Amino acid sequence: MKKTNELITKDINKLILKIAIPSSIGMFFNTMYNVVDTFYIGQISTEAISALTYSFMIFFMLLSVSFGLSSAITAYVGGALGKHKRNMARLYTAHGISLFVIIAFSLTIISFILLKYIFVMMGATGQVLEYALEYTYIILLGIFPMLIGLGANSVLIALGDTKSYRNILIVGFFLNVILDPLFIHGFYFIPALGISGVALATVTIQYITLIFMLYKLYKTDLFNVSRFFKSTPEIKVYKHLLKQAIPTSINMFLGSLGSMITMYFVSMYGFKSVAAFGIGYRVEQIILLPMLGLNTAVISIVSNNFGAKNFERIDEVIHKALKYGYIMSGVGVVLIALFGKYMIMVFDTDTEVVDIAYVYIIFESFIFFSFITIFISTSTLQGLKRPFVVPYISFYRQIFMPLIFFTLVVYVFELSIIYLWISMFLIITSAAIYLKLYVNKELKKAKTQTFK
């Protein structure tokens with residue numbers, strides 16, 4: 001008997017809540033995990049927070065590859081499940097995991113070779129550079145468990161399961177609260193490791209997460225360890241996954257490269273501005289969390305219903321996800337206006353750092369509406385297996401326009417840092433408008449081709 005696929009039958013509102021809420025909770029604890037790191041590192045010095053900000057940009061660049069492949073696995077496994085072809089879903093699962101293994105080892109080696117050069121190019125110097133290298137060299141040891149764990153999660157998302165990853169992220173958060181101070185300050189036979197201790201705690205938790213996620217994947221009928229090592233790779237399947245993954249990975253890579261470009265221009269205003277940018281980014285992440293859960297719901301529901309050719313349900317999930325996202329964006333603006341400064345002061349009480357960070361998050365809060373449009377639109381294109389325009393949009397908003405605007409602000413007119421934030425608002429808003437119009441056109445094209 002075929003298993004009922006509720007992603008193509010259940011009420012859309014209930015599905016969004018069922019998928020988005022656990023995903024958002026998981027992301028909340030993942031972000032709070034990073035907040036804990038920032039809090040403890042902030043107790044070391046403002047230079048240490050600046051170093052963490054540089055490291056995060058590298059870490060995000062490494063994650064960019066996983067985002068693309070994760071979405072590809074979810075889209076193809078979800079599409080196969082929507083067609084009730086479980087053997088095909090198993091095939092894409094095995095090949096997706098094997099791709100993650102190859103990519104993880106490759107990125108680890110390349111990162112160790114290029115790390116110092118990249119930090120110097122981003123503007124890190126002196127004590128900030130030393131802290132950044134000390135922390136990140138250890139973090140790189142966690143690339144393998146992190147990527148394989150995300151690969152396993154992408155399969156679970158295709159099945160509509162966002163609770164498993166949520167649960168392990170909650171566990172990881174509480175472990176981090178315990179391990180960070182333990183490794184930083186030492187205890188009995190454990191030496192005081194300082195900033196290296198924060199990195200070691202993260203790597204330890206990544207391996208615990210990997211073991212749990214592989215167990216959850218094994219519990220499904222989509223992955224079998226013995227078959228995985230005995231099976232013969234099929235080039236055609238790899239091509240399908242890479243064709244879907246590369247545009248999204250390029251998009252995310254450009255996003256991380258754009259963050260590095262932004263970091264370079266922010267560093268022109270001093271290390272306190274870098275620290276403020278890093279803290280402000282953490283605060284912004286916390287407010288964005290509920291909206292990010294909508295991404296997971298959209299790609300999961302759209303991919304399954306695209307496989308089943310249920311276009312009315314695709315239209316419905318897009319409309320409702322955007323509505324919920326805009327409501328949450330409005331709430332986010334109010335929260336940041338009222339409590340943003342107090343959130344910043346949890347990490348650093350330096351008056352200059354607090355003022356710069358607060359102005360940054362005020363401007364960012366008004367970009368939330370554009371962010372949610374971009375997030376939902378990108379997830380829709382991934383679910384439709386049409387993400388090919390996404391890298392071009394990312395290049396526009398992350399590389400091309402920032403280089404022009406930021407150069408004018410910093411070098412030509414020598415304006416204050418606030419004009420960098422104004423530039424971000426204009427660039428991201430224009431990109432969101434275009435991408436939404438493009439999604440409408442692609443969805444109409446998909447319907448026409450299906451019902452010819």
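Predicted model: local features only at pLDDT ≥ 70, side-chain atom pairs only at ≥ 80, totals over all residues.
In which handed sense does helix 1 pass helix 10?

**Entry 1: helix 1 and helix 10**

I looked up the two helices and found that helix 1 passes helix 10 in a right-handed crossing. Sorted by class, the residues in the contact of helix 1 with helix 10 are 16 nonpolar, nine polar and one charged. I then noted the geometry: the axes of helix 1, which covers residues 12-42, and helix 10, which covers residues 271-307, come within 7 Å and cross at roughly 145 degrees.

Staying with helix 10, I picked out Ile287, which has its place in that helix. Ile287 has a relative accessible area of 12%, and because buried means under 20%, I wrote Ile287 down as buried. When residues up to four places away in sequence are not counted, Ile287 touches Gly332, Leu335, Ile336 and Phe368.

**Entry 2: helix 4 and its two partners**

Next I turned to helix 4, residues 126-139, and its packing with helix 7, residues 195-219, where the axes are 8 Å apart and the angle is about 20 degrees. Angles under 35 degrees count as roughly parallel, so I recorded helix 4 and helix 7 as roughly parallel to each other. Helix 4 passes helix 7 in a right-handed crossing. From helix 4, the residues Tyr131, Glu134, Tyr135, Ile138 and Ile139 take part, and they meet Ile195, Ser196, Val198, Ala199, Leu200, Thr202 and Val203 of helix 7. By class, this contact of helix 4 with helix 7 has nine nonpolar, two polar and one charged residues.

How are helix 3 and helix 4 oriented, roughly parallel or roughly antiparallel? I found that the axes of helix 3, residues 86-122, and helix 4 come within 10 Å and cross at roughly 155 degrees. Because angles over 145 degrees count as roughly antiparallel, helix 3 and helix 4 are roughly antiparallel to each other. The crossing in which helix 3 passes helix 4 is right-handed. On the helix 3 side I listed Phe112, Leu115, Lys116, Phe119 and Val120, which meet Leu129, Ala132, Leu133, Thr136 and Tyr137 in helix 4. The residues of this contact of helix 3 with helix 4 divide into eight nonpolar, one polar and one charged.

**Entry 3: the nonpolar cores**

Which residues have the most contacts inside the largest nonpolar core? That core has 141 residues, and I noted Phe119, Leu241, Leu420 and Trp421 as those with the most contacts inside it. Helix 2, residues 46-82, gives the largest share of this core, with 18 residues. Apart from this core lies another one, of six residues, and among them are Leu179, Ile190, Ala201 and Ile205.

I looked at Pro145, which is found in helix 5, residues 143-158. Its relative accessibility is 1%, so Pro145 counts as buried. Not counting residues up to four places away in sequence, Pro145 touches Gln206, Tyr207 and Leu210. Pro145 and Met213 are 68 residues apart in sequence, while their C-alpha atoms are 9.9 Å apart in space.

Ser394, which is found in helix 13, also has 1% relative accessibility and therefore counts as buried. With residues up to four places away in sequence left out, Ser394 touches Asn251, Leu254, Gly255 and Ile399.

**Entry 4: two loop residues**

Is Val346 buried or partly exposed? I located Val346 in the loop between helix 11 (311-345) and helix 12 (351-383), and its relative accessibility of 46% means that Val346 counts as partly exposed. The C-alpha atoms of Val346 and Thr38 are separated by 9.6 Å, although these residues are 308 residues apart along the chain.

Last, I checked Glu414, which is in the loop between helix 13 (390-412) and helix 14 (418-450). Because its relative accessibility is 64%, Glu414 counts as exposed. I also noted that phi of Glu414 is near 50 degrees, a positive value in a residue other than glycine.

Key. Residues numbered from 1 in each chain as written. Heavy atoms only, no water. Axes fitted to C-alpha atoms, helices over the stretch in contact; angles between N-to-C directions. Helix = DSSP H or I, 4+ residues; strand = E, 2+ residues; numbered from the N terminus. Left-handed = near helix turned anticlockwise from the far one by under 90°. Nonpolar A, V, L, I, M, F, W, Y, C, P; charged D, E, K, R; others polar. Parallel < 35°, antiparallel > 145°, perpendicular 65-115°, else oblique. Contact = heavy atoms within 4.5 Å. Buried < 20%, exposed > 50% of the residue type's maximum accessible area, 1.4 Å probe, protein only. Core = buried A, V, L, I, M, F, W, Y, C linked by side-chain atoms within 4.5 Å.
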